[in-house]
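Subject: Structure for your review

Dear colleague,

Please find below the structure that I am handing over to you.

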Amino acid sequence: MKMQSIRENSTLSMPIPLSFCILLYPDGRIERLVDQPVEDYFTAIREASIAWIDCSICDDEKEMEPLAQLAGFTKVPIPKLTHGFYSAYEDYDTELGIMLPSVTVKGEKMTVHPLFILIRDNLVLTIHSDKINRLLRFSRYAQPFFKRIAAENTPDKITLALERIIDENNDRNFEYLREIEMHGDAISKSLIEEKVAKKRVAQDIYHMKHVLIDYLNVLWATKDVVDSLRYGDADLITNDEKLLGRIGILSDNIDRHIELSEQMSNVLSSGLEVMQSIYNNQLQTMNNRFALVTAYLTVLGTAALVPNTIATIAGSGVMDGTMGAQWWYIPLLVASTVIATLASLLWVLHVWNKREED
């Protein structure tokens with residue numbers, strides 16, 4: 001199956017994705033081919049000492065396996081490689097298949113695209129989604145890089161090229177940690193703004209923490225692949241300790257960013273604790289207001305209850321209605337109201353002060 005027909009079958013509306021090929025010949029010549037049919041790239045690598053081909057696809061499940069077969073990869077199980085959790089590492093002696101996560105973050109949404117790296121003989125093939133151009137910047141400086149590794153052995157060339165590709169992908173992933181930190185700082189600023197709805201801030205903190213957890217999963221998945229390479233167990237990877245040490249540096253860089261991400265996660269968790277404290281304070285303030293209203297109602301109720309009781313007794317048949325005609329009846333109601341109000345007020349103040357002391 002031709003690569004061109006694969007893309008036409010997958011989508012007719014999408015433009016042809018960018019592709020390139022860097023060739024290093026035994027005599028030291030370096031050739032760069034851009035936006036040519038993929039079949040031409042595979043034909044040109046026969047005479048090269050090492051070649052790097054990068055191409056983008058629209059659908060991993062439909063296009064990945066035919067493209068790998070077209071490139072001559074017959075041992076690496078492509079379905080197993082494409083269905084890994086963020087990363088995969090498949091070593092079959094003469095062929096090596098790797099999947100690395102490539103992160104893009106927009107606001108509170110993080111998307112992970114797979115970056116496939118297939119290696120055999122003198123070929124390094126990178127395949128990724130047409131929604132990212134992760135290695136385009138490195139491709140501009142690939143020719144000077146290939147000149148520096150021209151004198152190396154083939155496994156050393158492969159290892160150096162693979163190390164640089166992984167490092168470039170990691171650097172782009174690390175850039176999004178700063179963006180996550182910026183959003184976290186904006187959320188922290190909103191905590192001190194009184195007019196901002198705290199419920200919305202709590203939701204923003206939760207979403208940002210969720211993004212950070214996914215980002216940590218990406219870092220751990222990348223570290224698993226790098227640690228699998230750093231010991232040079234694969235036949236296609238060099239055994240030179242100096243070159244393997246460079247892969248170890250990649251692992252150390254990932255460890256540092258994992259620590260930074262975990263610290264950022266702790267900061268966001270602290271923000272959730274602050275939100276909980278704010279809610280608790282608001283509930284306590286509301287309870288205090290209700291208690292104060294209840295105290296006032298108690299005073300008013302007691303002030304009205306005593307004279308109302310006296311008036312009820314005066315108007316009942318027990319007193320034969322004669323009590324209401326006495327001259328001291330009205331002063332009695334006034335005095336009982338005042339005494340009942342003062343007594344209930346003093347009692348409420350006593351209870352309230354004791355509560356504050358407790």
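The notes below concern the nonpolar cores and the strands.

This is a predicted model, in which local features need pLDDT of at least 70 and side-chain atom pairs count only at pLDDT 80 or more, while totals for chains, interfaces and linings use all residues. Residues are numbered from 1 along each chain as its sequence is written, and side-chain values use heavy atoms, with hydrogens and water left out.

The largest nonpolar core has 55 residues. Such a core is a set of buried Ala, Val, Leu, Ile, Met, Phe, Trp, Tyr and Cys residues joined through side-chain atoms within 4.5 Å; buried means under 20% relative accessible area (1.4 Å probe, protein chains only). Trp-52, Ile-117 and Leu-229 have the most contacts inside this core. Among the elements giving it two or more residues are strand 5 (95–106), strand 6 (109–120) and helix 8 (198–229); helices (H or I, at least four residues) and strands (E, at least two) are DSSP runs, numbered from the N terminus. Helix 8 gives the most, with 12 residues.

Beyond its neighbours within four places in sequence, Leu-229 is in contact (heavy atoms within 4.5 Å) with residues including Tyr-89, Ile-98 and Leu-244. A second, separate core of 29 residues includes Leu-33 and Leu-125.

Strand 5 pairs (at least two DSSP bridges) with strand 4 (residues 88–92) in the antiparallel sense over 5 bridges, and Ile-98 is the bridge partner of Tyr-89. Strand 5 also runs antiparallel to strand 6, joined by 12 bridges.

With kind regards

Terms used
Buried < 20%, exposed > 50% of the residue type's maximum accessible area, 1.4 Å probe, protein only.
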